[in-house]
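Hi everyone, thanks for coming. Let me put the structure up on the screen, and then we can walk through a few of its strands together.

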Amino acid sequence: MSPVFAYGDLVLLVDRKKRRYLVRLVEEGQFHSHAGYIAHADFVGQADGYLARSTRGATYLAVTPTLGEFIIQMPRGAQVIYPKDIGAILMSADIFPGARVLEAGVGSGALSMGMLRVGANIVGYELREDFAAKAVSNVTAFLGAEAASRYRVELRDIYEGIDERDLDRIVLDLPEPWNVVKHAQTALRPGGILFAYVPSTVQIARLHEALVDSAFGMAETIEVLHRGWYVKGDAVRPDHRMVAHTGFLTTARLLGEIE
């Protein structure tokens with residue numbers, strides 16, 4: 001049986017033009033648009049997939065938002081890593097339940113939520129207090145208190161060093177990841193993975209140069225392209241738009257010297 005909506009839940013409303021609105025249900029709350037309003041009480045007790053009607057007759061499909069939908073709609077202070085990359089990062093960096101992860105450059109918390117949802121324990125280093133607060137707020141809003149208890153964000157500059165030791169993973173979303181390589185060598189456990197997300201080829205080249213002269217090996221860089229398809233009857237073709245380059249994903253393992 002499908003769960004039903006209750007006060008405190010997040011609801012994604014989709015109108016007939018496929019526009020999406022993220023709403024937190026609160027007592028005596030109302031969702032307002034150009035097409036009238038709907039009382040939040042109308043959603044309470046209704047199942048996922050409920051069709052709500054506004055005071056002016058507009059219909060909205062009400063569904064529980066996925067993590068990807070929340071990331072696109074959530075409040076943000078910094079540009080987020082898109083869901084297409086987050087899925088690939090979870091696999092390429094091999095984020096697993098109980099993994100001890102250091103994330104530097106938490107931004108608005110999009111990647112943090114992906115890693116927390118699969119069970120990781122995260123210490124975040126972030127330079128900006130407003131970004132750190134937004135990330136913690138977004139994590140708590142979507143994943144709840146249990147995930148937030150596995151998420152600690154410090155106002156730190158990772159270029160100056162890493163206090164943690166025996167980490168399983170270090171995940172970087174910052175401009176100069178090559179300046180972290182020397183610190184990562186002492187912070188990761190043997191076999192641990194260093195991951196970096198950067199947008200430009202120049203940054204990729206600098207990072208690989210630093211990895212060559214380090215104890216890291218098995219370095220790989222990929223990018224993820226996302227192309228949707230238009231399907232209507234016999235008309236089947238690629239969409240005119242696609243989410244192409246957003247960033248490069250680089251991983252390397254701490255191996256030490258191979259004789």
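Gln30 sits opposite Ala39 in β4. Quick note before going on: this is a predicted model, where local features need pLDDT of at least 70, side-chain atom pairs count only at pLDDT 80 or more, and totals for chains, interfaces and linings use all residues. Residues are numbered from 1 along each chain as its sequence is written, and side-chain values use heavy atoms, with hydrogens and water left out.

Back to our strands (DSSP runs of E, at least two residues, numbered from the N terminus). Strand β3, residues 30–33, runs antiparallel to β4 and is joined to β4 by four bridges. Together β3 and β4 make a hairpin, with two residues between them. Two strands count as paired if DSSP finds at least two bridges between them.

Next, the open sheet: seven strands in the order β9-β8-β7-β10-β11-β15-β12, with mixed pairing. β9 (151–155) and β12 (216–223) are at the edges with a single partner strand each, so one side of each has no neighbour in the sheet.

Inside that order, β11 (residues 188–198) and β15 (residues 248–254) pair in the antiparallel sense over six bridges. One more detail to look at: Tyr197 has Leu249 in β15 as its bridge partner.
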